[in-house]
Amino acid sequence: MSAVKRKKRDGRNRARFASGPTGTVLRLVFSLAITFFGLLFVTFLIGRVLPIDPVLAAVGDHASQSTYNRVREEMGLNLPLWQQFFIYISNVLQGNFGQSVLTSNTVLDDIKRVFPATLELATIATIIGVVLGIPAGVFAAINKGKWPDHMVRVIGLAGYSMPIFWLGLMGLLVFYMKLDWVAGPGRLDSFYLDYIEPTTGLMLVDTLIEGDMDLFWNAVSHIVLPASILAYFSLAYIARMTRSFMLEQLSQEYILTARVKGISEHRIIWRHALGNVMVPLVTVIALSYANLLEGSVLTEIIFAWPGLGLYITNSLLNADMNAVLGGTIVVGAVFIGVNMLSDVLYRLLDPRARR
Amino acid sequence: MSNETLLSVKNLEVTFNTPKGDVHAVRGVSFDLGRERLGIVGESGSGKSQTGRAILGLTAANGKITADQMTFHDVDLANLTPKQWRKVRGARISMIMQDPKYSLNPVMTIGDQIIEAYREHHKVNAKEARHRAIDMLDAVKIRDPERVFNSYPHEVSGGMGQRVMIAMMLIPDPELIIADEPTSALDVTVQLQVMAILDDLVRDRGMALIFISHDLQLVSSFCDRVLVMYQGHVVEEIKASALHEAKHPYTKGLLNCLPKMDGDHSDLPILEREASWAEG
């Protein structure tokens, strides 16, 4: 076999390798790694640029110059910047984000505690938003210009314009204080708090693992109000986007084809049109989910919800840089992850995007 | 060819309510159709496509259809409930759309879309339906029906897509096919192939055909009779074989606009329109 021929075959093999399912996964992993590297680079720079001296934060204002210098060397801050960056990356990859000054735990332990609280809230809110928002948007689109459409639009607009802290307080006032339908702030009633072993950190799951139904229903009763309020906002957004995507699809030619075939209006809307609506909608839902996962500070404050938003905000107000940067990395990683997920879903839903 | 009347349309009017006032797309079209192939020719905006859509009750929501009579066999097409329409559409009257790039659902496989058309009107199991669909793809001369069955619309060419369209619309075995510019989106070389396939199937199955096109030549070679439309009116009805005897100046003008192959290189005449044609 001549060298040219061999080279040609290698090229073809490589092409096949890069286009197969393995290739897709590898490319996905590669772009994930690149993005994550960029994220670390940015957080590292922020940490070095901010006018907060980490040495001073550790030793206090009254330490002597020699102590200051010793700690500075211990922290590796005397090394060249590129070396510091490598140390930083290897630390982060080992899950070592440093110590939080505020809580005196490792940042990793803190995040393990607060992130599940946010994850639980965001996930339930997004599920409610999707389950109610998509049908509401479809319903509005197929009744365009009639009262169901106006109703969905008014509800959506209200969801957009009402400040969340007001809605949260009103929710507590009505459903907790006056009607006593739901439990108050926090994730569980306070006398239950130490009963539960944080296996996953998700209260609803942990209580089920323990098999304690009383605790489970207590957790449900606590999460239902903040989740509904967050869900309202994501519902308003999802319904509005669904409506406009749906209107666009319903005017397409293939919808007329489906009508010519004599199939039911129900099937035309929910199978033909919605199948196409889901393609752009998946990105919308993913972004709204990612936004919620960042932690909604106001909701978490009002409902005393020990989540990521509250943690990062508190750390920021106390110049607790390790915690802030750790939190930022988690938020960034979540965004990358959710974006990847929506990419994968996009490919599954739209055959034109598969290669 | 029997002379029984399948479709009878008398004084059909289609009016669209737009912010700028009413637009009369079709004004008083009448014709009877037996088991024959009828061509409707006209320029864009002449109302030929809207005539076809009105027969299927698929005029856009802001349009209004009125007719003294619009019957298909004994079915009064002017007064059907949505449920009754669904028994007519696909099963008895079907329509081939213009451009397969837009008229096929991009996220459903071709097979699923054909099966859906068939199972809507025939109660068969999935296996039988699949078998039928593949036979039908074979009937429209697709060489590799199994592969096309599992493909998505973007994975096949325009000519192939239009064959899929024909297969999908013919599979429930309707009595009348309306073909709305079925080859206009295709390459010239593919146009005749697709027309030939459609023509064969329509003949074999004894279906009636309404062939809507702006191409007078194409229509006259595939149809028995031609309606010439202008501004919503039928200005002339003529046998396809007698096209050269056309009396209406518009039809004559259209025929004169066709380039000749016999070496006459003089400039083509420009069609001079007269306002009186639009009054019908």
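## Overall form of chain B

Chain B holds 10 helices and 11 strands, where helices (H or I, at least four residues) and strands (E, at least two) are DSSP runs numbered from the N terminus. The radius of gyration of chain B, taken over C-alpha atoms, is 19 Å, close to the 19 Å that the globule rule gives for 280 residues, so chain B is as compact as a globular protein of that length; the rule itself is 2.2 Å times the number of residues to the power 0.38.

This is a predicted model, in which local features need pLDDT of at least 70 and side-chain atom pairs count only at pLDDT 80 or more, while totals for chains, interfaces and linings use all residues. Residues are numbered from 1 along each chain as its sequence is written, and chains are lettered from A and ligands numbered from 1 in the order in which they are written.

## Two domains

An automatic or database domain assignment divides chain B into domain 1 (7-92 + 176-279) and domain 2 (99-173), and the centres of these domains, taken over C-alpha atoms, are 26 Å apart. Counting two residues as in contact if their C-beta atoms, placed from the backbone, lie within 7 Å, 13 residues of domain 1 of chain B are in contact with 17 residues of domain 2 of chain B. On the domain 1 side, helix 8 (residues 188-204) of chain B gives the largest share, six residues.

## Meeting chain A

Between the chains, 22 residues of chain B are in contact with 18 residues of chain A. Strand 7 (93-96), helix 3 (100-103) and helix 4 (110-119) of chain B are the elements that give two or more residues to the side of chain B that touches chain A.
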